[in-house]
Amino acid sequence: MKREELAELLKQKEIVGVDFSGERLEGVDFSGCRLERVSFKQCELVHCRFRKSTILWSDFRYARIENGTFEEADIEFCD
């Protein structure tokens with residue numbers, strides 16, 4: 001996914017059914033977003049923020065999370 005496409009999704013604050021598998025995401029701010037059925041499988045998440053996000057049915061298996069924050073995030077039914 002291109003940076004511009006990601007920026008547009010972040011503006012909408014709702015990300016559904018997106019596959020980030022194997023990508024490196026650095027400095028992405030998902031704060032306040034609703035994420036559902038999003039795959040972060042085998043991603044590198046560096047300095048990403050999920051503050052006050054709602055994360056449902058998403059996949060973080062084998063993801064490498066470095067210096068991320070999930071403060072006040074609502075996380076349900078995730079791997």
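This is a predicted model: local features need pLDDT of at least 70, side-chain atom pairs count only at pLDDT 80 or more; totals for chains, interfaces and linings use all residues.
Buried stands for under 20% relative accessible area, exposed for over 50%, and partly exposed for values in between, with a 1.4 Å probe and protein chains only. Helices (H or I, at least four residues) and strands (E, at least two) are DSSP runs numbered from the N terminus. In soluble globular proteins, nonpolar side chains tend to be buried together.

Residues are numbered from 1 along each chain as its sequence is written. Local features need pLDDT of at least 70 and side-chain atom pairs count only at pLDDT 80 or more, while totals for chains, interfaces and linings use all residues; side-chain values use heavy atoms, with hydrogens and water left out.

Leaving aside residues up to four places away in sequence, F30 touches L6, L10, I15, L25, L35, F40, R49, F50 and S53, where contact means heavy atoms within 4.5 Å.

The structure holds 10 aromatic pairs. Rings of Phe, Tyr and Trp (its six-membered ring) pair if their centres lie within 6.5 Å; planes under 30 degrees apart count as stacked, over 60 as edge-to-face and the rest as tilted. F20 and F40 make a stacked pair, at 5.4 Å centre to centre and 20 degrees between the planes. F20 sits in the loop between β1 (14-16) and β2, and F40 in the loop between β3 (34-36) and β4, so their pairing ties together parts that are 20 residues apart in sequence. Both F20 and F40 are buried. The ring centres of F30 and F50 are 4.8 Å apart with planes at 10 degrees, so this pair is stacked. Because F30 lies in the loop between β2 and β3 and F50 in the loop between β4 and β5 (54-56), the pair ties together parts that are 20 residues apart in sequence. F30 and F50 are buried. One aromatic cluster is formed by F20, F30, F40, F50, F60 and F70.

An open sheet of 3 strands runs in the order β2-β4-β6 with parallel pairing; two strands pair if DSSP finds at least two bridges between them. Its edge strands, β2 (24-26) and β6 (64-66), each pair on one side only. β2 is joined to the parallel strand β4 (residues 44-46) by 3 bridges, and E26 stands opposite V46 in β4.
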